[in-house]
Structure formats: structure tokens, C-alpha cells
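Thank you for making time this morning. I would like to walk you through one structure, so please have the sequence and the model open while I talk.

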Amino acid sequence: MEQEVFNNLLTLFRENKLAHAYLFETKDVEKCYKELIQFIKKLLCSMEYEENCSKCDICHQIDEGTIPSIITIEPDGKSIKTDAINNLKKAFSLMPVYTPYNIYIIKYPEKMNDTSFNKMLKFLEEPEDNILGFYITRNKDSVANTIVSRCELIKMFDEQKRLQGSLSNEEFTLCQNIANEYYEKLENGKENLTWYNLNVVLKQLTTQEQIVCLLNLIYNTYEFDFRKSKDFNIIKKLKIIEKYLSELNYNMNLGLLLDSFVIEMGEANGL
Ligand SMILES: [Zn+2]
């Protein structure tokens, strides 16, 4: 998926048709960032680009992060600080020296505070031909609309494919059905969910991969809720699901794992 996207962008670049700014929506910001850097090396390499060029000075400096015409901005602590945006604007008020473009990359643009955001918006509103911008987010809905509308949006994933993994269509449908029911029960909070885990969920879903899929589906439902309501209690629940998803990487007893999961989710609901 990503490779396809970057190949298309490379074609646009060669035809001189790149947009001024792109917003990537991806499930993995760091991975996307790494691939974006590889793409930028392809754009700027002073030799014929080979995978992992380290021969030329430009690629070397890109790898080291020392080239002045490429600036990456990411949250420092909880937010993207205004200083970072000020420095960017200052650096890019000059023409690029070693490269045809000044390029900035903003990871997690939703973390800009209001001042940063307003400064960045001005920057986007007056695009210059020699400046390219890339924004990378996990969720475009959390990025201010005024930014989204000024960028070309590129989705880096096929959501169903990602969730389904190597499960068959039947297995996936089963996971979806149980996920819907599970979510209802978690929110309802009236039932004994350890009973439900044992007698319903684990009777039908027996592999680790199925449970991963189940939790991912529940996660997406809560994420959707959060986009609508911005209720911060939902963040707590998302964090819990993330924790259990990462525990599933180890060989865990699925029954114990789900039981402890429903207890924590209940606590998050204040039960
Ligand atoms: Zn190179």
C-alpha cells in the first residue's frame, strides 16, 4: 500500500505535479515517516538513487537529520511547541540551498496548540513553489478541518484488510458480530462478562488472531465514538484496549486475558 502511494507521488514529482502539502492518514505514524524519508531521498538524491543510498552527501545528511532544508516537527511532550513552528518559518523564508525544495514534515499535527496551529495555517494559505509539506496522522478527524482542507489527503491503509489479516471471511464476520455484541455489553455494564467470555466468546473464537481482530474491532468502535463525542473517558478505554492488544503479542491464556480485560473496562465505566 505505502509503496504504491510513494511510487505514484514519484511519478507526480517527475511530471512536476506534486501538491504543496499532503496529509497521510496511517495506522503507524513512525513506519509511514520512515517510508516518507526514503521517498524524499529518492526525490533529492544527487546520484542515481539506489535503495539505501549512502554514497551521496544529501542522502547521508537526510539520514542523519542534519540537512537544513528538511525539517521534521513532532510533539515535544504533549504538544507541538510554537518555537518549532517559528524556527521552521524562519528557516524556510530562505531559498533552499542544497536541494530544490524546502520540505517540512509534521508528525501528529493534531498536537499543535492554538498558536502553533494559527501560524501553520498562514503558512499553508500562502504556499510557495519550493516548499513541500507532509503531515502524518493516525486519524484525520482529529486534525483541524482548516488544515485537512488545504492538504491532499492520502489514506495509507485498507482498514478491512488490516483488521482481517489472514482470517477467512467467515471468521472475520464472526469476529464482527461478536465485537458488536461485546461492545454493547461493555457499555451496558449489567451482565457478568466473565460468564460471557467463557461461554460465548471463547466458544466461538479460539485463536489468538481472532481475539486480536475482536479487540481491534472494539477499538475502532470506541474510536468512532470518541470522534463524535470527544468524551475523554473513551481515551481511557482505548488505552486499556491498546494494552491488551500488546499483551496478546505474548502467549497469554486467552480466558484470563479477557476476564481481566472486562474488569478494567468496567472500572473505566465507573462500575
Ligand atoms: Zn543519494
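Predicted model: local features only at pLDDT ≥ 70, side-chain atom pairs only at ≥ 80, totals over all residues.

Now to the strands beside it. On one hand, β3 pairs with strand β2, residues 70-73, in the parallel sense and over four bridges, with Ile 71 standing opposite Tyr 104 of β3. Between these two strands the chain passes through α4, and this β-α-β crossover is right-handed. On the other hand, β3 is joined by six bridges to strand β4, residues 131-137, and these two strands also run parallel; here the bridge partner of Ile 105 is Phe 134 in β4. The path from β3 to β4 leads through helix α5, residues 114-125, and this β-α-β crossover is right-handed as well.

Which residues touch the most other members of the largest nonpolar core? They are Tyr 104, Ile 105 and Tyr 135, in a core that holds 31 residues. At least two residues of this core come from each of β1 (21-25), α2 (29-44), α3 (57-64), β2, α4, β3, α5 and β4. If we take Ile 105 and leave aside its neighbours within four places in sequence, its contacts are Tyr 33, Leu 36, Thr 72, Phe 134 and Ile 136. There is also a second, separate core of 22 residues, which includes Leu 193, Leu 215, Tyr 222 and Met 265.

Why does Pro 100 count as partly exposed? It does so because it has 13 C-beta neighbours inside 10 Å. Between the C-alpha atoms of Pro 100 and Met 120, which lie 20 residues apart along the chain, the separation is 22 Å.

Finally, stepping back to the whole chain, the domain assignment gives domain 1 as 2-157 and domain 2 as 161-268, and the centres of the two domains, taken over C-alpha atoms, are separated by 35 Å.

Key: Residues numbered from 1 in each chain as written. Domains from an automatic or database assignment. Buried ≥ 20, exposed ≤ 12 C-beta atoms within 10 Å, placed from the backbone. Pairing = 2+ DSSP bridges. Right-handed = clockwise from strand over helix to strand, strands pointing away. Core = buried A, V, L, I, M, F, W, Y, C linked by C-beta atoms within 7 Å. Contact = placed C-beta atoms within 7 Å.
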